[in-house]
Amino acid sequence: MRYASTRDPSHTATLSEALARGIAPDGGLYVPVEFPRLAADDFAGKATLTEVATRFLEPFFAGDALAPDLHAIVADAFDFPVPLVELEGGGSGRDVAVLELFHGPTAAFKDVGARFLAASFARLPRQAGRPLSILVATSGDTGGAVAAAFHARPQIEVIVLYPKGLVSPRQEQQLTCWGGNVRSLTVRGTFDDCQGLVKAAFADASLRQARELSSANSINVGRLLPQATYYAQASLATWRRTGKKANFIVPSGNLGNVLAAVWAKQVGLPIGELVLGFNVNRAVPDYLASGEWRPRPSIATLASAMDVGNPSNMERLVNLHPVWTELKHSVSAEVVTDAELSARIKTDRARYGRTWCPHTAIAAETYARLSAAAAAAGPWILVSTAHPAKFPETIEPLIGATLEVPPALARLLSLPRQASEIPATLAALKAALA
Ligand SMILES: *Cc1c(COP(=O)(O)O)cnc(C)c1O
């Protein structure tokens, strides 16, 4: 399998090259040159996430230097459960379940992609003595997941850049509690400044001479591939149980999570409708409605991990569905305000006894808006992207109760913080790296 740039398809790379580069030399994103085809029968006898993931990823790894390591990478990355939990209550008798992606070390779905990428990077052949530096700009969640995934891996260092004062206290703790091979830089600027610094570092010849630089942001194909596997597993389980295709509702920002679902469907997994829930950053819903692509500055919301005004994975979605009318048939979208997601958290806690994180609440609100016919047709799967205890400032006042913190997260919250503050300049970043 080779991977081509979304911009110049004549530029192709092996999987290992695509993983190491992150972004194609022409600024495009890597996509499979052609999608393998797999049917439910190809997964006979495979039920666990590791079994399904290994089978699903085999053709994506075929011919690459990492192919013999696929099983080990999957086993290393998926060392936490990704359960599909029936949503009971509400008295409707509807077939609806929650895909819980938040049982990893930092309690959010980005652990899946980050751990897989780290497990892959650790096995990539490298020039002796040349350390690999992973630069990651984060608006909150990604950096913690990447730091957790790469922490204590030999010959790899991680530099996390986050905007000073613009992440929640609990997020900041998860960005700065690591030490060892993880360095945390508090940048006096915005998330866009952090991203700009990472781009400038990549373009800087002197930095690249001393070290191998790579990124772990959601544009890396090594984050998307493992995410496709939980859609494969959940849809296969649903298919075997009901003989029907699973419909998913995905809270979306940069579109990495939902793109993985689109890819799994493209491969041939039994996936029906894909409905995207957005906060008021509505570039994608507006595009689906109008056919006009208008990226814009991001707006801050309670579902902050989805505050993306110009989702980078749009380029991959349009690459797969270049015709607007075709894309409109492939996915649909809803927009949910902070007031609506807050109300949904209260309503569903009473109805189902479940407490959503602000992002998952957008999926739950989107589900509640389905027509009675669509909801009854099912089966529906709500994708739950984070544990509510990551967002106590938002959730606890709404529910009037204290959230129980899962043990892995509790451990991180008890570690000391260490971070250096820098201005948003390349010179300051270079000095910090020296
Ligand atoms: C990143 C994130 C999202 C959005 O996922 P995308 O892949 O950017 O669409 C949703 N919820 C949580 C908790 C996240 O961390």
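An open sheet of five strands runs in the order β9-β6-β7-β8-β14, and its pairing is parallel. Two strands count as paired if DSSP finds at least two bridges between them; helices (H or I, at least four residues) and strands (E, at least two) are DSSP runs numbered from the N terminus. The model is predicted, with local features needing pLDDT of at least 70 and side-chain atom pairs counting only at pLDDT 80 or more, while totals for chains, interfaces and linings use all residues. Residues are numbered from 1 along each chain as its sequence is written, and side-chain values use heavy atoms, with hydrogens and water left out.

## Exercise 1: α4 and its helix neighbours

Task: describe how α4 packs against α9 and against α3.

Step 1. Take α9 (residues 221-242): its axis and that of α4 come within 8 Å and cross at roughly 125 degrees. That makes α4 oblique to α9; angles under 35 degrees count as roughly parallel, over 145 as roughly antiparallel, 65 to 115 as roughly perpendicular and the rest as oblique.

Step 2. Assign the hand. α4 passes α9 in a right-handed crossing; a crossing is right-handed if the near helix is turned clockwise from the far one by less than a right angle, and left-handed if anticlockwise.

Step 3. Pick out the residues. K110, V112, G113, A114, F116 and L117 of α4 make the contact with G222, R223, P226, Q227 and Y230 of α9. Sorted by class, this contact has six nonpolar, three polar and two charged residues. Here Ala, Val, Leu, Ile, Met, Phe, Trp, Tyr, Cys and Pro count as nonpolar, Asp, Glu, Lys and Arg as charged, and the others, Gly among them, as polar.

Step 4. Now turn to α3 (residues 70-77), which packs with α4 at an angle of about 140 degrees, their axes 8 Å apart. That makes α3 oblique to α4, and the crossing of α3 and α4 is right-handed. In this contact, I73, V74, D76 and A77 of α3 meet R115, F116, A119 and S120 of α4.

## Exercise 2: the six-stranded sheet

Task: trace the open sheet of six strands and locate the cis peptide bond from G378 to P379.

Step 1. Write down the order, β4-β5-β13-β10-β11-β12, and note that the pairing is mixed. The edge strands β4 (84-86) and β12 (332-335) each pair on one side only. From one strand to the next, the twist averages 25 degrees.

Step 2. Zoom in on β5 (residues 96-100) and β13 (residues 380-384), which pair in the parallel sense over five bridges. L99 stands opposite V383 in β13.

Step 3. Place the helices. α11 (residues 283-290) lies across β11 (271-278) and β12, at about 130 degrees to β12. α15 (residues 358-368) lies across β5, β10 (246-251), β11, β12 and β13, at about 160 degrees to β13.

Step 4. Check the backbone. The bond from G378 to P379 is cis, with omega near -10 degrees, and P379 is found in the loop between α16 (372-377) and β13. In the loop between β5 and α4, A107 has phi near 65 degrees, a positive value in a residue other than glycine.

Conventions
Axes fitted to C-alpha atoms, helices over the stretch in contact; angles between N-to-C directions. Contact = heavy atoms within 4.5 Å.
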